[in-house]
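Subject: Structure handover

Hello,

Here is the structure I am passing on to you. My notes on it follow below.

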Amino acid sequence: MAHYWPEDSDSADESAEDTAATAAEGMRRRLQEGPALQFLYVRGEDIVDDAGAAAVVRELRRLPGLQSFGLVKSGIGAAGAAAVARELRNALNLQILFLDGNRNIGAAGMEAVARELRHAPSLQTLHLRHNDIGDAG
């Protein structure tokens with residue numbers, strides 16, 4: 001069973017840019033596992049923003065065995081959530097999606113996710129804890 005969960009950095013000297021570069025390199029290496037990768041979790045506001053989320057989720061196409069994917073406390077907003085939503089149709093075996101702790105997703109981002117759920121027939125669980133999506137979302 002292959003999985004990847006980047007470690008939190010304990011180094012106070014490491015800049016956000018260094019942290020993001022280290023995480024991106026680790027993720028790139030893990031994505032090379034391709035079909036064997038079943039679990040992929042990206043967390044931390046220094047690791048991913050909307051553009052980073054879009055880049056990461058485009059790689060889901062190369063991961064046909066992916067069952068669980070998370071962008072947790074990743075600093076994504078509505079555009080990042082929409083990017084994740086668009087790629088759900090390419091993650092045919094995805095059963096669990098974690099978007100916890102992304103307070104900037106908002107109603108617009110959640111609406112984008114909701115519209116695309118019909119294209120994710122295997123998705124069984126969607127985690128949205130600690131998001132400020134409001135009643136409209």
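The largest nonpolar core has 28 residues, and those with the most contacts inside it are Leu66, Phe69, Leu71, Leu94, Leu97 and Leu99. Two or more residues of this core come from each of β2 (37-43), α2, β3, α3 and α4. A nonpolar core here is a set of buried Ala, Val, Leu, Ile, Met, Phe, Trp, Tyr and Cys residues joined through side-chain atoms within 4.5 Å. Buried means under 20% relative accessible area, exposed means over 50%, and partly exposed is in between (1.4 Å probe, protein chains only). Helices (H or I, at least four residues) and strands (E, at least two) are DSSP runs, numbered from the N terminus. In soluble globular proteins, nonpolar side chains tend to be buried together.

Some notes on the source. This is a predicted model, in which local features need pLDDT of at least 70 and side-chain atom pairs count only at pLDDT 80 or more, while totals for chains, interfaces and linings use all residues. Residues are numbered from 1 along each chain as its sequence is written, and side-chain values use heavy atoms, with hydrogens and water left out.

On confidence: pLDDT is the predictor's confidence in each residue, from 0 to 100. The chain has a mean pLDDT of 78, and 70% of its residues reach 70 or more. Among its elements, β4 has the highest mean pLDDT (96) and strand β1 (residues 2-4) the lowest (45). Over residues 1-13 pLDDT stays under 50, and the model has 27 contacts beyond four places in sequence for them. Contact means heavy atoms within 4.5 Å.

Helix α3 (residues 78-87) is mostly covered, with seven of its 10 residues buried. These are Gly80, Ala81, Ala82, Ala83, Val84, Ala85 and Glu87. Their cover includes α2 (50-58), β3, β4 (96-98) and α4 (106-116). α2 and α3 pack at an angle of about 10 degrees, with their axes 8 Å apart. That makes α2 roughly parallel to α3, a label for angles under 35 degrees. Axes are lines fitted to C-alpha atoms, for helices over the stretch in contact, and angles run from 0 to 180 degrees between N-to-C directions. In this pair, Asp50, Ala53, Ala54, Val57 and Arg58 of α2 meet Ala79, Gly80, Ala83, Val84 and Glu87 of α3.

Serine 68 lies in strand β3 (residues 68-72). With a relative accessible area of 1%, serine 68 is buried. Its side chain makes a polar contact of 2.5 Å with the side chain of tyrosine 41. A polar contact is a pair of N or O atoms within 3.5 Å; within protein, one must be able to donate a hydrogen and the other to accept it, and residues adjacent in sequence count only if both atoms are side-chain atoms. Leaving aside residues up to four places away in sequence, serine 68 touches Leu94 and Tyr41, among others.

Asparagine 90 is in the loop between α3 and β4 and is partly exposed, at 28% relative accessibility. A polar contact of 2.7 Å joins its side chain to that of glutamate 87.

Lysine 73, in the loop between β3 and α3, is not a glycine but has a positive phi of about 50 degrees. Histidine 130, in the segment after β5 (125-127), has a positive phi near 60 degrees and is also a residue other than glycine.

Regards

Technical notes: Angles under 35 degrees count as roughly parallel, over 145 as roughly antiparallel, 65 to 115 as roughly perpendicular and the rest as oblique.
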